[in-house]
Amino acid sequence: MTPAPQNIAAKLLPWFRRHGRHDLPWQRDPTPYRVWVSEVMLQQTQVATVIPYYERFLRRFPDAQSLASARLDEVLGLWAGLGYYARGRNLHRAAREVVARHGGRLPQTLEALIALPGIGRSTAGAILAIAHGARHPILDGNVKRVLARLFLVREPPDAAGAVLWALAGRCTPAAHVAEYTQAIMDLGATVCMRRQPACGSCPLRRDCAAHAAGLEEELPLRRKQGPRPLRRTHMVFVRSGDRVLMHRRPPQGIWGGLWAPPEFAGARAARRWCAALARDVAPRRLPALRHSFTHFELDISPWLLEVSHQRRLPAPRGERWLAADGRVGVPAPVAKLLAAGLPAGAGAKESANGEDGELRAARPRGRRPRSRAVSRGAGSAHP
Ligand code: SF4
């Protein structure tokens with residue numbers, strides 16, 4: 001038994017009108033810009049987590065113009081804690097393109113939207129469907145799960161992309177597209193959850209092939225993952241009074257665009273660098289920390305080097321002395337180490353270059369990277 005795709009909306013919409021969420025901040029005044037920001041923030045991130053970030057972000061950047069004219073530091077500072085920082089960087093780049101090439105308004109075709117940084121087919125579809133009522137399917141994680149179960153798709157979603165997109169297209173109705181789009185996302189988020197789907201209160205349970213086969217908990221299939229590899233790094237926190245030496249990480253890669261202390265592959269390199277900076281003081285080791293990313297574990301060995309004044313630096317990576325009241329983001333484990341091993345509030349008004357900045361915890365979400373203390377020297381590959 002598989003359901004008829006054209007009948008899905010007719011069952012879903014009455015349920016959504018009665019039981020769905022209608023008071024989410026991005027549902028009020030769903031302009032293309034507001035829908036865009038919400039869709040980007042909601043990628044791999046829970047609604048409850050996104051709401052305060054979204055409201056702060058929209059207060060500061062109510063439109064593409066204000067976002068485009070902001071400094072990246074400020075954008076990442078407001079993003080700090082949401083994780084997956086490429087999303088914030090792309091949003092900023094895309095806003096600049098929207099202003100430069102589209103007069104400050106998001107384009108209204110799928111192709112032009114997808115040409116912007118960080119906007120994929122599903123995000124573009126959501127903008128067109130929700131903000132313009134145009135018939136475009138979406139396929140975010142929630143929708144993939146609902147469709148895989150409804151239609152008993154027995155391949156992992158990343159291998160079944162074409163099948164799921166075709167199903168998404170056939171299920172999307174010609175009328176009430178905006179409402180349907182929100183409804184199917186809502187069903188995935190609140191009823192057809194990843195674990196323990198609430199099939200008893202699902203409006204589609206009579207149509208659902210996975211439910212009929214008793215396979216709702218098994219689908220969608222997940223790719224088998226091996227143990228995550230372990231990486232190590234040594235971070236040197238150089239402190240002078242209430243200022244800490246930081247550099248901005250390259251835009252690509254982990255923690256791209258965030259501020260972090262100098263890093264070294266080994267203890268000897270860290271010591272040598274400290275000695276070159278301040279011969280008269282020895283660096284002190286702080287308790288180690290393990291941070292989990294989606295694809296690997298990172299053991300961080302932190303060092304604290306106290307110096308009496310802000311030394312002149314070769315600054316090969318643009319290091320700066322930062323103090324704690326500005327608006328730039330730092331990775332979550334760096335924030336945790338600052339809070340644990342350095343004076344409360346250490347962080348960032350830049351002294352050398354005159355730009356204001358702040359060290360704010362960047363606590364990743366979604367499949368959340370997380371940090372925990374490890375005993376010194378814990379170098380095993382156990383997660
Ligand atoms: S019946 Fe269960 S598995 Fe099927 S769509 Fe509804 S909640 Fe999901």
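In the protein chain, 72% of the contacts between residues at least 6 apart in sequence join residues at least 24 apart, a contact being heavy atoms within 4.5 Å. Bear in mind that this is a predicted model, where local features need pLDDT of at least 70, side-chain atom pairs count only at pLDDT 80 or more, and totals for chains, interfaces and linings use all residues. Residues are numbered from 1 along each chain as its sequence is written, and side-chain values use heavy atoms, with hydrogens and water left out.

The protein chain holds 14 helices and 11 strands. These are DSSP runs numbered from the N terminus, with helices being H or I of at least four residues and strands being E of at least two. Of the 383 residues, 51% are buried. Here buried means under 20% relative accessible area, exposed means over 50%, and partly exposed is in between, using a 1.4 Å probe and protein chains only.

The predictor's confidence in each residue, pLDDT, runs from 0 to 100. The protein chain averages 85, and 85% of the residues score at least 70.

One is residues 343-369, for which the model has 112 contacts beyond four places in sequence. The other is residues 373-383, with 24 such contacts beyond four places in sequence. Where pLDDT is low, the predicted coordinates should not be read in detail.

## Around the ligand

The shell around the ligand is made up of Arg149, Val191, Cys192, Cys199, Cys202, Arg205, Cys208, His211 and Glu216; a residue gets in if one of its heavy atoms lies within 4 Å of the molecule. Sorted by type, the shell has five nonpolar residues, one polar and three charged. For that sorting, Ala, Val, Leu, Ile, Met, Phe, Trp, Tyr, Cys and Pro count as nonpolar, Asp, Glu, Lys and Arg as charged, and the others, Gly among them, as polar.

The space that the ligand takes up is the largest cavity. A cavity is a set of points, on a 1 Å grid over the protein atoms alone, where a 1.4 Å probe fits but cannot get out. A molecule sits in one if more than half of its atoms lie within 2 Å of its grid points.

## Helix packing and buried side chains

Helix H10 (161-171) has Leu164, Trp165, Leu167, Ala168, Gly169 and Cys171 among its residues, and these are buried. The buried residues of H10 pack against helix H1 (8-19), helix H8 (121-132), H9 and helix H11 (177-190).

Helix H2 (residues 32-42) carries glutamate 39, a charged residue that counts as buried because its relative accessible area is 9%. Leaving out neighbours within four places in sequence, glutamate 39 is in contact with Thr123, Ala126, Ile130 and Met185. Glutamate 39 and isoleucine 119 are 80 residues apart in sequence, yet 9.4 Å apart in space, C-alpha to C-alpha. Isoleucine 119 sits in the loop between helix H7 (110-114) and H8 and is buried, at 5% relative accessible area. Beyond four places in sequence, isoleucine 119 contacts Trp36, Leu113, Ile114, Ala124 and Ile127.

Arginine 87, in helix H6 (residues 86-102), also counts as buried, at 7% relative accessibility. Tyrosine 54 lies in helix H3 (residues 47-60) and is buried, with a relative accessible area of 1%.

The peptide bond from leucine 219 to proline 220 is cis, with omega near -5 degrees. Proline 220 belongs to the loop between helix H12 (209-213) and strand S1 (230-240).

Leucine 152 isn't a glycine but has a positive phi of about 50 degrees. This leucine is in the loop between helix H9 (141-150) and helix H10, and counts as partly exposed at 23% relative accessibility. Tryptophan 255 has a positive phi too, near 55 degrees. Tryptophan 255 lies in the loop between strand S2 (243-248) and strand S3 (259-260) and is buried, with a relative accessible area of 5%.

Technical notes. On a 1 Å grid over the protein atoms alone, a cavity is a set of points where a 1.4 Å probe fits but cannot get out, and a pocket is an open set with protein on both sides within 12 Å along at least five of seven lines; lining residues have an atom within 4 Å of a point.
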